[in-house]
Amino acid sequence: MDILNNMLSGQVPIEAYLGVSLIMFFAGIYGFLSRKNLLMILVSIELMLNAADINFVVFNRYLYPGQMEGFFFALFAIAIAACETAVAIAIIINIYRNLTSVEVGELDEMKE
Amino acid sequence: MQYTLLIILLPLISFIVLGFLDSNLKPKVAGAIGATVLGIITVLSYYTAFEYFTYHQIAGVYEKVIPLHVEWVRFTEFLHIDLGILLDPISVMMLVVITTVSFMVNIYSLAYMEGEKGFQRYYAFLSLFTFSMLGLVIATNIFQMYIFWELVGVSSYLLIGFYYTKPSAVAAAKKAFIVTRFADLGFLVGILFLSFYTKTFDFGVLTSGDASVFASTAGVSFMGISGMSWAMGLIFIGGAGKSAMFPLHIWLPDAMEGPTPVSALIHAATMVVAGVFLVARLFPVYEVYAPEVLHGIAYVGAFTALFAAVIACVQTDIKRVLAFSTISQIGFMMVGLGVSGYGGHEGLGYMASMFHLFTHAMFKALLFLGAGSVIHSIHNNELNHMGGLRKYLPITNITFLIACLAIAGIPPFSGFFSKDEILSACYKFSPYMGATMTFIAGLTAFYMFRLYYGIFWGKEHKHAHTPHESKFAMAFPLVFLAAFTVFAGWIPFGHFVTSDRANYDIHLDYTVAGISVAIAVLSIILATIMYRKESVVPQKLASCFSGLFKAASHRFYIDEIYIFITKRIIFKHVSTPIAWLDRHVIDATMNGLASTTQWTSVKIKDFQSGQVQQYAYVFLLGTLLIAGLVLFF
Amino acid sequence: MNFLSLFVLVPALMMMGLFVSRNRKQIQFVTATGATLLMILSGVITFMYLTERAVGNVAEMLFTADTVWYAPFNIHYSVGIDGISVAMLLLTSIIVFTGVFASWKIDPLPKEFFLWYCLLSIGVYGFFISTDLFTMFLYYEVALIPMYLLIGVWGSGRKEYGAMKLTLILMGGSALLLVGILGIYYQSGATSMNLYEIAKTTIPIQAQYYLFPLTFIGFGVLGALFPFHTWSPDGHASAPTAVSMLHAGVLMKLGGYGAFRVAIYLMPQAAHELAWIFLILTGISVVYGAFSAIVQTDLKYINAYSSVSHCGLVLFAILMLNQTAMTGAILQMLSHGLMTALFFALIGMIYGRTHTRLITEMSGLMKVLPFLGVSYVIAGLASLGLPSLSGFVAEMTIFVGAFQETDTFHRVLTIVACTSIVITAVYILRVVGKILFGVIQDEHHKHLTDATWFERISVVTLIAAIFVLGSAPFWISNMIGESVLPVITQLAK
Amino acid sequence: MGDLGGLNIMAEQIIFYILAVLIAIFSVLAVTSKHIIRSATYLLFVLLGTAGLYILLGYYYLFAVQIAVYAGGVMVLFIFAILLTNRPGEKVKSERKDRRIAAGITSLAGIAFCGHIIYWNINKVYSLVVPDEQKVQEIGLNLMGTEKYQYLLPFEFISVLLLACIVGAIMIARRR
């Protein structure tokens, strides 16, 4: 109980935030490397971006509390992520229309 | 004596003309050209002989005449191949022998080969052969001899393989060429050895007796045998190949696949004695610098003579019998040379050997031509298809008989004189040698009469059509050669050809002569009993010595051994593995290099897969690795 | 402009002529005229050379000319000839000439074929006339590249494989060569890449130790040095007739010529020290090629292996490092060039009729193809060293020369090499016996027609050349012999 | 603040850990799920959890943006795309097993590596300044300003980018 008390007393440590984003990021990596479906890859990318966002704001808050760089960076990142998702999904749908598949392994028409 | 050049050139021209025009000429014209040219050069060489023996004797010694001499190729400062004409007693004698036999064969062939396809080609080849053989004997240096030696081999190849649609003929031609080629390898290496130390190819220098020529050979030895012995031994191998000495004799019986006149010319009278001629040519060198080789030659000759004579006793193909008889007789000549010393009485063997060469050429050619006449009339070579032919072929019968008597060594036929001289020389060398050779002489008489009776006497066979005596063109050479055979023995040979080119009187050694004649007569009587009429004795004897009989009729399995060596060992266990090695090891290494490169590039290509995920993976790993390295080290 | 450059110019003009020619007639006219011109040209050169020598010009190289070509690296376009080059030019002209006639009716794309063919001959001629290391190398490469297309497009059988293999292995050789040449240039410290400039300097012995093998193997690959010979059977087997002729007849000689001119001449000390290694290899080549040829069944393979054997003899003789053997080597190059070209020409002609090259599928051809048959026999006899045909003189000169080396090692190798004359006889007679003699087995072969006029021109020219070289070798062997002398002097240093 | 402050802080901590666990679980589920629609849903939960973290950190505006843009906009796009490209109930193929294992190992290695770095830097000096609320005006002013630490230029870039994206997306997805 004491341990729990000790742990829970005080601020949330920065490491905890970083740990969360770390797990999120590498979950994203895992998904990016292991999935074949383009949408799933996109999901993984979103995860990674999100993890990065968290890191930005956490560092901003903990290390440079008076400034807003991290905050703005996260803001812009969200905007860009939105753009990227929109374009990516447009491409995916287009691919699906042409090739009726969204599996990366099968999308090698351009290669050969 | 510049005109001797014509003797060489005319057959060459004839060859070129006949060869180029080939079937554009009528066969008759081609035959006429060939025979005429031979006639001309025969006359020329008789004249040469006459002039040489009459006018070129200085103080009882015949001089060497070199009417023509040009440098052909220069190898080094000292060594150069020259082409030239050397006239000395043996070459002049050979000129006579070759042109006579060749002329006879040319005439004979007019009838014998009539109607054959490629008649023109045949005459072209005959001219080529005559040219090469003449070139061989008049060679001024050992390399010129080698050149013509090879040309003779090729002409022989072409003539044996004349019936080129017949597989056995093609095989025989190939065999003849390859076996002699193998021997020529020895000859060539021998020449290289000899010329390296003596710094010359020239016969004149080599046989001059000038010791300084051989000075640099002193002390040279290899594997305990002196350099000169090596050189002369190797050269003898070349001679042994051409002259069918054991164990290089195997090609000669097969060479009988060629047309019979060719066998008479090449494989009885001229080319096969080239080896003897070679030894005779270099005799002074052998005698002085390699006496042990000379003795070796004697033993090889004796063994071959015996060996071939035994085989000849059981062969059934008449040409083969004659072929083995030839081998045996050449053995005699080799023995004659081998046992001989140099100069005067010492050189008896040499003189006898040359004498025998001369007489043998005549009567063996006669025998072959006679056999040809028989074959021509019944179209078969086998002894058991013959018998009783004396009624149909009277001229052939008589001439054949004369030749048989000559080879058996019955006086007064020529063979008696020459063989008797060889036997005397042998007895002088060692009694054992003499006894052996006398025994072989007896065997010779036996198998020759076995042959004679087998053909002309005994039971008559049914023939498809009645055999008839040959035309004049065939009969004339028989008679001519028979005349030669009868009278040639009376030529005072010692006045012409001796080891030191000095005059020498032949004395008959009556003891030796008596013994040999007695044995010959006994053998003939034995043969008469056994073969003149149908008799069971031969069968009985054959079954009595069945092992020996079988071995002899298989020619003592020498051919099988050769086939084993060539087919099994060379072909299967040398060539095939080498070819395999080439494809599967050496080439495979090269291909392996190529495929490794290809494999590597395929593997590298996979890195460039276009799969973003893979790139990301590698990128990540790389990042981790680099960051790790930066942080931890 | 030196008139030696005509040898390069004439084929270039032929190429131009080919560009504008529109039909087969014109192509034939252009190529035949050009080839004849080259023949005449080489005849004139020979004559001029001999006259020049006769009036007592003793320079190593005659008719030299020198133009700076690429100043930064001191590369000059320098030409000049000695007796050996003259002999090689003669050989090349004869073979180019006969090759044109042997491919008179080449199909398809005759124009393109001859374009590449001319380019190939430019390379070969250029190589023989140039005296600058780099220019030599350049021409060498020019000669190699067309080979790939010529075999790959106009070949038969596994042509892509053969072409690829040949080109790759030869390229590998030339890579070594390039390193060797540059090494020689920099190590010698000479101010130009001219052979004779470099020869005046001395390359440090340590450098020679690695440059000599590089250069020798580099050239040796083209001369079918064991174990880098395997391109030869596959390449020749798939090449079209004229290309086989030119390749085996001339291109393989580039190897021997280069090894002689560059490797031995410039690095005599290393040659003395390292010759034994290569002597063993070439000794193996000689016997090994001959033994391999015995069991082959494809005519071209037989001939390719026999080329390995004969070309092995060339390098073997060069490595004997004495005048006689080297003269023999050059003679052997000429002789082998002529007879192997003849062989390939005849094989091509026979193949064109029977559509097979397997000796097991042919027999009795002498009856239906007397001209080709007789020519084949003559080629065979030349190959097995019949006196009065070229092979004999060359081989004998080599053997006599090789025998001048007295130690046991050289002796044994020489005798081993001598055995090849027997083995050669075996495989030649085997082929002749199988395909020409006997009875015709194949029904289709009964109606073959003998050589046409253009084939006859090609064959007769080669036979005549073989015969002339074999019967009257003295003038050419003297010409070569005195040109070998500078190398001997160099070796004696 | 005393006890209450402590309690407050403790509550904050408890909320954080609940969120953290949720985020962790759902991130993993999002990338491992066989059904793509489910993984989109899990992603949504992750995004919402992240939004929760922003609140905890005191970035309310960011929280709003996260909800609006991500949870609202992006997720809708996702759902549309999924419905357009997948037949309902269809399972999504994942990579070959070896590839999955390799990816898993790499990720774990990455976690271990980064975790190591974080762990070793645990006691570095840092301070959490109690967040005073960020005014939206302030954000707006900073966005529109041209001074140092003001972001007009990026803002404009982003807007152009957005425009380009809209045009691009339309062009790409347009039926031909």
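Two strands are said to pair if DSSP finds at least two bridges between them. Helices (H or I, at least four residues) and strands (E, at least two) are DSSP runs, numbered from the N terminus. The structure is a predicted model, in which local features need pLDDT of at least 70 and side-chain atom pairs count only at pLDDT 80 or more, while totals for chains, interfaces and linings use all residues. Residues are numbered from 1 along each chain as its sequence is written, and chains are lettered from A and ligands numbered from 1 in the order in which they are written.

In chain C, strand S1 (residues 62-70) and strand S2 (residues 75-81) pair in the antiparallel sense, with six bridges between them. Tyr70(C) is placed opposite Ile75(C) of S2(C). The hairpin formed by S1(C) and S2(C) has four residues between its strands, and Asn74(C) in this hairpin has a positive phi near 60 degrees. Chain B also contains an antiparallel pair, in which strand S3 (residues 65-74) and strand S4 (residues 80-87) are joined by seven bridges. Here Val65(B) lies opposite Leu87(B) of S4(B), and the hairpin leads from S3(B) to S4(B) through five residues.

Chain C as a whole has 19 helices and two strands. Its radius of gyration (taken over C-alpha atoms) is 21 Å, close to the 23 Å given for 493 residues by the globule rule, so chain C is as compact as a globular protein of that length. The globule rule is 2.2 Å times the number of residues to the power 0.38. The C-alpha trace of chain C spans about 70 × 60 × 45 Å along its principal axes. A residue is termed buried if 20 or more other C-beta atoms lie within 10 Å of its own, exposed if 12 or fewer, and partly exposed in between, with C-beta atoms placed from the backbone. Of the 493 residues in chain C, 63% are buried. Two residues are in contact if their C-beta atoms, placed from the backbone, lie within 7 Å. Among the contacts in chain C with a separation of 6 or more, 80% are between residues 24 or more positions apart.

Apart from neighbours within four places in sequence, Gly173(C) is in contact with Ile217(C), Gly218(C), Val221(C), Leu222(C) and Phe228(C). Tyr288(C) is 115 residues from Gly173(C) along the chain, and the C-alpha atoms of the two are separated by 21 Å.

A nonpolar core is a set of buried Ala, Val, Leu, Ile, Met, Phe, Trp, Tyr and Cys residues joined through C-beta atoms within 7 Å. The largest such core has 426 residues, and those with the most contacts inside it are Ala365(B), Ala87(C), Ala317(C), Leu338(C), Leu342(C) and Leu346(C). Neighbours within four places in sequence aside, the contacts of Ala365(B) are Val101(B), Met104(B), Ala264(B), Leu265(B), Ala268(B), Ala269(B) and Leu481(B). A second, separate core has 71 residues, including Phe25(A), Leu38(A), Val46(D) and Ala169(D).

Chain A comprises four helices and zero strands. Buried residues account for 54% of its 112 residues. In chain A, 47% of the contacts with a separation of 6 or more are between residues 24 or more positions apart. The mean pLDDT (the predictor's confidence in each residue, from 0 to 100) of chain A is 81, and 83% of its residues reach 70 or more. Confidence within chain A is lowest in helix H1 (residues 2-8), with a mean of 64, and highest in H2(A), at 89. Where pLDDT is low, the predicted coordinates should not be read in detail.

Four pairs of chains are in contact, and chains A and D share the most contacts. This contact takes 64 residues from chain A and 69 residues from chain D. On the side of chain A that touches chain D, H4(A) gives the largest share, 21 residues. The residues of that side comprise 44 nonpolar, 13 polar and seven charged. In this division Ala, Val, Leu, Ile, Met, Phe, Trp, Tyr, Cys and Pro count as nonpolar, Asp, Glu, Lys and Arg as charged, and the others, Gly among them, as polar. Between chains B and D, five residues of chain B are in contact with four residues of chain D. Chains A and C do not touch, and their nearest C-alpha atoms are 23 Å apart. Chains C and D do not touch either, with nearest C-alpha atoms 38 Å apart.
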